[in-house]
Amino acid sequence: MIEAPRSQFLSLHLIETLAAVLPVRDENAQPKTLVFGGVERHMITSQARRRAERVHARNRANAGRGALKGRSMGVRTREWAILAGRELESAHGWEKEKALVTARAVMEASGLKFGDPKKKTVANLTKVLIFAPSDAAVRIAGHIADQAAEVEEWRDAYLEAQVSAEEAKKARRGARKKTVSSPEAEEAEGASAAGAAGSVVPLPPLPKATRDAVLLALAPRDAVDIALYGRFLAEIPDSPNVDGAVQTGHAFTVHEAEQIEDFYAAADDAKLDRKRNALSFLDAADDAGAGMTGYQSLISGTFYRHAVLDRTQLRTNLRAAGMDEQEAETAASDAEKEFVNAFVEAFPEAKKNSTASTGTLPALVLAFEGDRPYNYASAFQRPVDEGPASAGGEGPAGPAAVRRLLRHHTFVSRRRDDLRTTRVLTYDPEIDNLLGELGLPESLTVVERAEDLTP
């Protein structure tokens with residue numbers, strides 16, 4: 001049987017209900033919100049969602065599970081110099097401090113900016129997060145070890161030039177602070193400062209072979225999650241950036257925001273043990289009260305979220321990484337399956353232990369193909385009224401949101417010929433019964449597993 005051609009975009013839409021959670025918060029530890037349809041809604045940002053999905057797929061691949069098992073994946077971190085230094089130390093027998101200094105110097109001379117060297121906490125961290133294949137540090141360390149004599153000679157000259165440059169800066173700052181009392185003194189001061197500036201030894205360039213090795217190590221190469229989610233590295237103009245194949249919207253509640261301030265009291269075990277073993281009521285009274293108290297903001301609600309996979313962009317990214325057409329097609333197919341799985345399964349992990357938020361399963365997932373992306377946020381511009389039908393309400397937000405989403409999609413699909421292979425998945429028996437009552441079109445297929453959402 002000849003398969004029908006696939007459309008460029010795979011659109012995913014999801015309804016999920018959360019109770020007493022805080023998966024993402026702002027700088028004041030408050031839930032993030034947006035105003036939509038004239039009311040405030042709770043929001044789970046696309047950044048939080050994308051990271052949860054990316055890490056979920058990476059962890060499965062690294063553990064030998066899922067469609068991407070055994071494939072190269074990426075790591076986003078500021079610690080590449082530290083990781084390369086550790087690799088030099090553990091795998092190549094370098095002394096710890098020398099390994100770290102060398103790795104940092106090599107990466108800095110390649111174009112990356114690092115933190116203030118006077119601050120130990122950030123001195124060896126890049127200024128920005130760098131998304132690169134997970135073996136980048138191993139590759140950088142391996143090249144340094146192979147070219148140890150040349151790299152160490154360059155490193156010593158580079159560090160010496162840095163010291164000279166810093167001393168010249170201090171001299172210039174000191175010269176500017178001095179009070180000039182006459183034109184002759186000003187001229188002499190200017191000549192002295194110019195001499196200090198002219199005496200600075202320029203930083204020696206990194207040997208070309210070493211710089212090329214660093215750029216290759218940090219290049220996206222065949223890391224599938226970089227091809228999916230993209231990356232931007234402005235600090236090294238000749239290091240390739242990647243336009244991501246995944247588009248992710250902010251999730252928001254389909255109804256007006258509902259927030260609670262949860263007061264909590266934490267017990268002090270040692271204090272309670274003393275109270276329990278006290279020999280008199282006076283001793284016990286001294287240990288009255290909680291160990292500490294406080295407030296935390298929690299949210300509940302039914303959320304709509306949306307994401308799109310651009311299949312053409314994904315294949316373009318994989319071909320640019322060096323894969324031939326057949327290999328890119330296979331990798332793209334595997335990546336699509338894992339992307340759908342992560343969209344359904346992954347959840348941001350903030351406060352997961354105190355709210356069990358990561359155990360959430362969606363009430364409904366809607367997936368379909370099209371020649372362009374489709375965002376159905378407008379289906380929820382009017383907030384869901386959870387009041388009883390007798391009072392003009394729509395009832396509980398979960399079923400109400402499902403009815404709206406499917407009605408909206410059916411309406412749009414009658415007017416857009418490119419929408420095809422519509423599939424829905426539910427983990428809620430009440431929603432499953434609702435699907436049977438709605439009289440869904442024959443073109444819509446109900447599936448029972450996440451992997452069946454993509455043809």
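**Notebook: salt bridges and helix contacts**

Entry 1. I began with D212, which is partly exposed at a relative accessible area of 35%. Here buried stands for under 20% relative accessible area, exposed for over 50%, and partly exposed for what lies in between, with a 1.4 Å probe and protein chains only. I note that this is a predicted model, in which local features need pLDDT of at least 70 and side-chain atom pairs count only at pLDDT 80 or more, while totals for chains, interfaces and linings use all residues. Residues are numbered from 1 along each chain as its sequence is written, and side-chain values use heavy atoms, with hydrogens and water left out.

I then looked up the partner of D212: its side chain meets that of K208 in a salt bridge, at 2.7 Å from N to O. The term salt bridge denotes a side-chain nitrogen of Lys or Arg within 4 Å of a carboxyl oxygen of Asp or Glu. K208 is exposed, with a relative accessible area of 63%. Both residues lie in helix α7 (residues 208-218), and because they are 4 residues apart, about one helical turn separates them. Helices (H or I, at least four residues) and strands (E, at least two) are DSSP runs, numbered from the N terminus.

**Entry 2. Further salt bridges.** How many salt bridges does the structure hold? I find 23 of them. One of these joins D334 to R71, with the closest N and O atoms 3.4 Å apart. D334 is in helix α12 (residues 325-345) and R71 in the loop between α1 (46-62) and β4 (74-77), so this pair ties together parts 263 residues apart in sequence. Is D334 buried or exposed? At 16% relative accessibility, D334 counts as buried, whereas R71 is partly exposed at 23%.

I also checked R139, which forms a salt bridge with D135 at 3.3 Å between the closest N and O atoms. R139 is partly exposed with a relative accessible area of 39%, and D135 is partly exposed with 29%. Finally, I recorded a network of salt bridges that links R6, R311, E336, E369 and R420.

**Entry 3. Helices α11 and α12.** I turned to helix α11 (residues 311-320), whose axis comes within 9 Å of that of α12 and crosses it at roughly 130 degrees. Axes are lines fitted to C-alpha atoms, for helices over the stretch in contact, and angles run from 0 to 180 degrees between N-to-C directions. α11 is therefore oblique to α12; angles under 35 degrees count as roughly parallel, over 145 as roughly antiparallel, 65 to 115 as roughly perpendicular and the rest as oblique.

Which residues make the contact (heavy atoms within 4.5 Å)? From α11 they are R311, L314, R315, L318 and R319, and from α12 they are E325, A328, E329, A331, A332, S333, A335 and E336.

**Entry 4. Helices α2 and α3.** For comparison, I looked up α2 (residues 80-92) and α3 (residues 96-109), whose axes come within 8 Å and cross at roughly 135 degrees. These helices are therefore oblique to each other. On the α2 side I list W80, A81, I82, A84, G85, L88 and E89, which meet K96, A99, L100, A103, R104 and M107 in α3.

**Entry 5. S164.** Last, I located S164 in helix α5 (residues 148-177). S164 counts as partly exposed at 23% relative accessibility. Its C-alpha atom is separated by 58 Å from that of T360, 196 residues apart along the chain.

How values were computed. Contact = heavy atoms within 4.5 Å.
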